[in-house]
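Thanks for asking me to look this one over with you.

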Amino acid sequence: MTEGGVAERRVENGKRKREKKTAAELSAAGNDRIRASHILLKHEESRRKSSWRDPDGRLISITSRVKAAEQLRELREEIASGRSLFEDVAARHSHCSSAKRGGDLGQFGKGQMQKPFEQAAFALRVGELSDIVDTDSGVHIILRTG
């Protein structure tokens, strides 16, 4: 993202071209892109049973989906009650490498995330925290930030 606009890439005649849109143009186009953070907990049914936090997948492979969801509910309650900050909880618990950025995924558009994640994230208002979202990656809570 650049000041005063967002750079996008598109293919034209087989060549990549940069195109800048102002914030007003993006807003006029609707909610094509949003910004969100998340906390991911993987479990034995996750499509990839390793993470930066558990490279061999030893703990992930013995964690049930139910157990991961229970843990995530507890973490969500800590955040929702104000006892903990989302960024801190993400940094301590998330299996996604975005944990190093407090869970921040940056901006993304439709078609870039797994469908259940996308639907939940786009349905949130800015500042709103999702309930638990199941994807092939694991269970998530999502905070829409923009």
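**Notes for a first look**

1. Let's begin with the surface. The chain has an accessible surface of about 8800 Å², and carbon and sulfur atoms account for 46% of that area. Please keep in mind as you read that this is a predicted model.

2. Next, the overall make-up. Of the 146 residues in the chain, 39% are buried. You will find five helices and six strands, and if you walk from the N terminus the order is β-β-α-β-α-α-α-β-α-β-β. Among contacts with a separation of 6 or more, 54% join residues 24 or more positions apart.

3. Now to the sheet. Which strands form it, and in what order? Four strands make an open sheet, arranged β4-β3-β6-β5 with antiparallel pairing. The edges are taken by β4 and β5 (133-135); each has a single partner strand, so one side of each has no neighbour in the sheet. On average, and ignoring direction, neighbouring strands here are turned by 45° against each other.

4. Strand β3 (residues 33-41) and strand β6 (residues 138-144) run antiparallel and are joined by six bridges. To find your place in the pairing, look for Leu-41, which stands opposite Val-139 in β6. Helix α4 lies across β3 and β6, and its direction is at about 50° to β3.

5. You can find Ser-94 in the loop between α4 (86-93) and β4 (104-109). Is Ser-94 buried or exposed? With a relative accessible area of 0%, Ser-94 falls under the 20% cut-off and therefore counts as buried. A polar atom of the Ser-94 side chain lies 3.0 Å from the backbone nitrogen of Leu-40. The backbone nitrogen of Cys-96 also has a polar atom of the Ser-94 side chain 3.2 Å away. Beyond four places in sequence, the contacts of Ser-94 are His-38, Ile-39, Leu-40, Trp-52, Arg-53, Val-89 and Ala-99.

6. Thr-63 is another loop residue to look at. Thr-63 sits between α2 (58-61) and α3 (65-80). Why does Thr-63 count as buried? The relative accessible area of Thr-63 is 19%, and buried means under 20%, so Thr-63 qualifies. The side chain of Thr-63 has a polar atom 2.7 Å from the backbone oxygen of Leu-59. If residues up to four places away in sequence are set aside, Thr-63 touches Lys-42, His-43, Glu-44 and Ala-68.

7. Let's finish in a helix. Ile-79 belongs to α3 and is buried, with a relative accessible area of 13%. What does Ile-79 contact beyond its neighbours within four places in sequence? The list is Ile-39, Ser-84, Phe-86, Val-89, Leu-129 and Ile-141. As for Val-89, this residue is ten residues from Ile-79 along the chain, and the C-alpha atoms of the two are separated by 7.8 Å.

Technical notes: Residues are numbered from 1 along each chain as its sequence is written. This is a predicted model: local features need pLDDT of at least 70, side-chain atom pairs count only at pLDDT 80 or more; totals for chains, interfaces and linings use all residues. Side-chain values use heavy atoms; hydrogens and water are left out. Helices (H or I, at least four residues) and strands (E, at least two) are DSSP runs, numbered from the N terminus. Buried means under 20% relative accessible area, exposed over 50%, partly exposed in between (1.4 Å probe, protein chains only). Contact means heavy atoms within 4.5 Å. Accessible areas come from the Shrake-Rupley method with a 1.4 Å probe; for residues, only the protein chains shown count as cover. A polar contact is a pair of N or O atoms within 3.5 Å; within protein, one must be able to donate a hydrogen and the other to accept it, and residues adjacent in sequence count only if both atoms are side-chain atoms. Two strands pair if DSSP finds at least two bridges between them. Axes are lines fitted to C-alpha atoms, for helices over the stretch in contact, and angles run from 0 to 180 degrees between N-to-C directions.
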